[in-house]
Every structure is written in structure tokens, then in C-alpha cells.
Amino acid sequence: MKRTLFCLALILAPVAAQAMPVSEFLAESEDIPHNPSALLRPDARRLMGEAQAAFTTVRDERRAAVAAGRPPAFCPPEGARMRISAEDFLARLNSIPPSRRHISVTQAVREWMTERYPC
């Protein structure tokens, strides 16, 4: 009985989400209108969540590196809040050459922050 429940749990367990590639993010963002009502669209909310998750992941990686005594990948000014508009974010993703757009949104953010705030 326990073995059956274990096998069933493995089958029903959610599959780990794959990181969204930049190419997919840009393709989906083209279909979203650029007006305030776009925030109500589920696809826009999903893309916003993807971007927020990428920035959170990169921030947490930096904090973990500092806490472990390793040099961080980027060094933003102390106490500064990074304010990045959707237009700036999309412009940055669009600046990635098409041959490299297979990288994840998180990797794109990681590279951007390293370039923007070098240590």
C-alpha cells in the first residue's frame, strides 16, 4: 500500500518548471498591448511574474555569495533601489542577439546586472 501511494505521488508530483527562454518571452510580449489594461491579462501577469522571479533569483544569488564570503557577480550602489521600466527590460532583452536568445530570462538578467553594476 505504501509503495502504491509513493508511486502515485511520483506520478502526480508537479514537474519542475523550466526557465523561460528569452526568445519565448519576447514572442509572448509582442502580443500584449502597451496600455494599462494589459495588466489585467493573464499572459501579461505571467510575463511579469517571470521577470520578477528572475530579478529575485539574481538578487538572492548575490546575497548568498556575500553571506558565504564569495565575491558577488555584481555590486549595485548601497541602499539603491533598482527601478527598471518594462520598456527598458524589453529593450535589453531585444538587444540580445538572436543566436543567444535561447538563454533563460534569469541568465539574461544576471548578465545585465553584471554589466550594469560591475564590482
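1. Met48 sits in helix H3. The model is a predicted one, and the remarks below should be read with that in mind. Met48 is partly exposed, its relative accessible area being 30%. This value lies between the 20% under which a residue counts as buried and the 50% over which one counts as exposed. From Met48 to Ser29 there are 19 residues in sequence, and the C-alpha atoms of the two are 9.9 Å apart in space.

2. The chain has 119 residues, of which 26% count as buried. Taking contacts between residues at least 6 apart in sequence, 64% are between residues at least 24 apart.

3. On the pairing of H2 with H3: the two axes come within 10 Å of each other and cross at roughly 145°. The crossing, as H2 passes H3, is left-handed. On the H2 side the contact involves Glu24, Phe25, Glu28 and Ser29, and on the H3 side Arg46, Leu47, Glu50 and Ala51. Sorted by class, the contact comprises three nonpolar residues, one polar residue and four charged residues. Ser29, the residue used above for the distance to Met48, is one of the H2 residues in this contact.

4. On H4: which residues of this helix are buried? In H4, which spans residues 86–94, they are Phe89, Leu90, Arg92 and Leu93. Viewed down the helix axis, the buried residues of H4 fall within an arc of 160°, so they line one face of the helix.

5. On the disulfide: how many does a search of the whole structure find? The search finds one. Cys75 and Cys119 form it, with their sulfur atoms 2.0 Å apart. The link between Cys75 and Cys119 is right-handed, with 95° about the S-S bond. It joins distant parts of the chain, 44 residues apart: Cys75 lies in the loop between H3 and H4, and Cys119 in the segment after H5.

6. On the accessibility of the two cysteines: are they buried or exposed? Cys75 is partly exposed, at a relative accessible area of 28%. Cys119 is exposed, because its relative accessible area is 63% and the cut-off for exposed is over 50%.

Terms used: Residues are numbered from 1 along each chain as its sequence is written. This is a predicted model: local features need pLDDT of at least 70, side-chain atom pairs count only at pLDDT 80 or more; totals for chains, interfaces and linings use all residues. Side-chain values use heavy atoms; hydrogens and water are left out. Buried means under 20% relative accessible area, exposed over 50%, partly exposed in between (1.4 Å probe, protein chains only). Helices (H or I, at least four residues) and strands (E, at least two) are DSSP runs, numbered from the N terminus. The arc is that of the directions from the helix axis to the C-beta atoms. Axes are lines fitted to C-alpha atoms, for helices over the stretch in contact, and angles run from 0 to 180 degrees between N-to-C directions. A crossing is left-handed if the near helix is turned anticlockwise from the far one by less than a right angle, and right-handed if clockwise. Contact means heavy atoms within 4.5 Å. Ala, Val, Leu, Ile, Met, Phe, Trp, Tyr, Cys and Pro count as nonpolar, Asp, Glu, Lys and Arg as charged, and the others, Gly among them, as polar. A disulfide is a pair of cysteine sulfur atoms within 2.5 Å.
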